[in-house]
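User: I am new to this structure and would like to learn how to read a sheet and the helices around it. Could you walk me through it?

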Amino acid sequence: MTSLVVVVVAGVTWLSVYRQQQNFYNELEQQAEILLNTLSVTVRDSLYKLDADFMEEIMEQLGEDKVLAAGRIYDKEGRIVADAYGQDVLVYNIEPDPFGERLLKSDETIFEWESTQLIAGKAVIIGRKRLGAVSVGLSKAPLNQKVSTVRNQGLYVAIVAATAGTFLALLISRSITEPLMEMTKATKRFASGDLTQKMEISTGDELAVLAASFNSMTDQLRELIHSIEDRVEDLHKSEAKNRALLNAIPDLIFWFSREGDFLYYKPSRKDEFSWSSNELIDKKVSEILPESAAQQYLQYIDEALETGDIIIFEYEWFLDEKLHYFEARIVASGKNEVLAIVRDITESKLANKELLEAKEAAEAANVAKSLFLANMSHELRTPLNAIIGYSDLLKEESQDLGYEDFIPDLDQIKTSGLHLLAIIQDILDISKLESGQMTLYEEEFDIHTFINEVQSIVQPLILKNNNSFEICCHSEIGTIFTDRTKLKQILLNLLSNASKFTKEGIITLKVVREEHIGHNGNGSNTLAIEGKDLDDQVLNQIIFSVTDTGIGMTKQIAEKIFQPFIQGDYSTTKKYGGTGLGLSICQKFCEMMGGRITVESSEGIGSTFTVNLPTVVTLQPENILSSELS
């Protein structure tokens, strides 16, 4: 405390003296600034007229009066034209003075502190013209005298304050040390085991509060010891319960140290092993388990202790000439101990293996089914085409022979045959898609002409339910390079569905070209469409959208409408018919051609199906393979 008092007093004194000294320096600079401003105004006209006699007279007067320690006047070249302590300086100083040149170049007052004086100077300016400069020198003797006086006063005050502080610190320390010595004796007796020790301090300060706290602590400690004794008994009971709980677990349980030593062993209910607890305790895991399993245990013991997580792993072990699979769960049960719960999962492993084999067999059967359907579809199309052809011939002969009653039946035969042929064609397409036998036949064709062909085919079907058909397609929309047949099949399917589910409504086919190109962060071209970045292949694209005002769909139905054999619901299938393969085929065709198909629908309002296709098809890897095989 004494050292702290001395240091604080000395620091405060030094800071006070330093600040007073700085104030004296600032005052001297202010005096020099006032003299410079006065002298600058006085000699301004003389510098303008270069009246050297007047300027010499002023400076000589200042020198005789001892107002300045130094003083000079400079012309616009920086030469000395008058000096308070020199005469005829212009005759002998034809070269510019360096300090005068500095003053002429500066817009501010320049101060230079020397050992015995302060030199200050500034330029004399009228408007923007520099007429010259003036400088003065003020002696530091009065300043040093003031600083010395303040320093002596500070030292006197510091000595008095340090003496008083030291005396006070010694007085306070004595009032503290005696109670501290008493507290030290009491704590030593307390450390030796005497919990009845009390501190008797009546100083009425913080030490008395500390002593009271110490006495209270000893009372609480005595109570805590009695409580611990009770808890130890409870802990023994809890340990017995935990052991009973472990015994109730049907799995095998190991307790390991960090080094892999067995600390505890409990057999499983199956009792696959004939070990006893004495055989395993203090043995290494590498002495009991196979080498690969032992290495896994040692690795995951360290990991469980480091991370505190439950580690689950599997290992194999040949027992009684039979391969067994085990699953182990390791969890830290202390700083250097882990608990391992081991279960024989051989039966579940074998069951999973059988399930995988059954899955592979089912997939193989599905491929065989697709191939069978593809082949059978070819076999069914030939007789169906014959039936349709013969119905046309019989219709022509009936018309020629006048058997008009036969014509409606023959039309029904042809219609049913065509409907069955369309169903078989859908089955054939979906089978080819599933078996990877579908190929693309790309060609370049004019989109506007293509749309006119689609219109001529679908127009009668649309008019059947008294619907109106609108087409939005610019005549100069250009060409596309893709599979013409599959694109036509997609549009005919979408327009057919729209006309089937719309009555006395409007069906719209809109075709637009999208060609805006941007750049992504990787240097490739991208375009943001509906908030998504697309690559170059999708950037240059044609967008076909089919909109109707029909029955629409719910959100749940729209999410699964592209799945094979899926339609709106049972009532829709019963009322409107169909196989539910058309939209699935459309989706597969779009993906093969590098595009996509989406739907937006509201129940009772209508639906919009949108097909995005690149202007030039790039085959996907699986399509390239199937194309090469074909």
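Analyst: Let's take the sheet and then a pair of helices.
This is a predicted model, where local features need pLDDT of at least 70, side-chain atom pairs count only at pLDDT 80 or more, and totals for chains, interfaces and linings use all residues. Residues are numbered from 1 along each chain as its sequence is written, and side-chain values use heavy atoms, with hydrogens and water left out.

User: What is the order of the strands in the open sheet?

Analyst: Strands of a sheet pair through backbone hydrogen bonds, either parallel or antiparallel. Here the order is β12-β14-β18-β20-β19, with mixed pairing. Strands (E, at least two residues) and helices (H or I, at least four) are DSSP runs, numbered from the N terminus; two strands pair if DSSP finds at least two bridges between them.

User: Which strands stand at the edges?

Analyst: β12 (468-473) and β19 (596-602) do; each has a single partner strand, so one side of each is left without a neighbour in the sheet. Elsewhere, β14 (residues 506-514) and β18 (residues 541-548) pair in the antiparallel sense over eight bridges.

User: At what angle do the axes of α12 and α13 cross?

Analyst: Axes are lines fitted to C-alpha atoms, for helices over the stretch in contact (heavy atoms within 4.5 Å), and angles run from 0 to 180 degrees between N-to-C directions. The axes of α12 (residues 447-463) and α13 come within 10 Å and cross at roughly 30 degrees. That makes α12 roughly parallel to α13 (angles under 35 degrees count as such). Among the contact residues are Phe450 of α12 and Leu487 of α13.

User: Which strands does α13 lie across?

Analyst: Helix α13 (residues 484-500) lies across β12, β14, β18, β19 and β20 (606-614).

Note on methods. Parallel < 35°, antiparallel > 145°, perpendicular 65-115°, else oblique.
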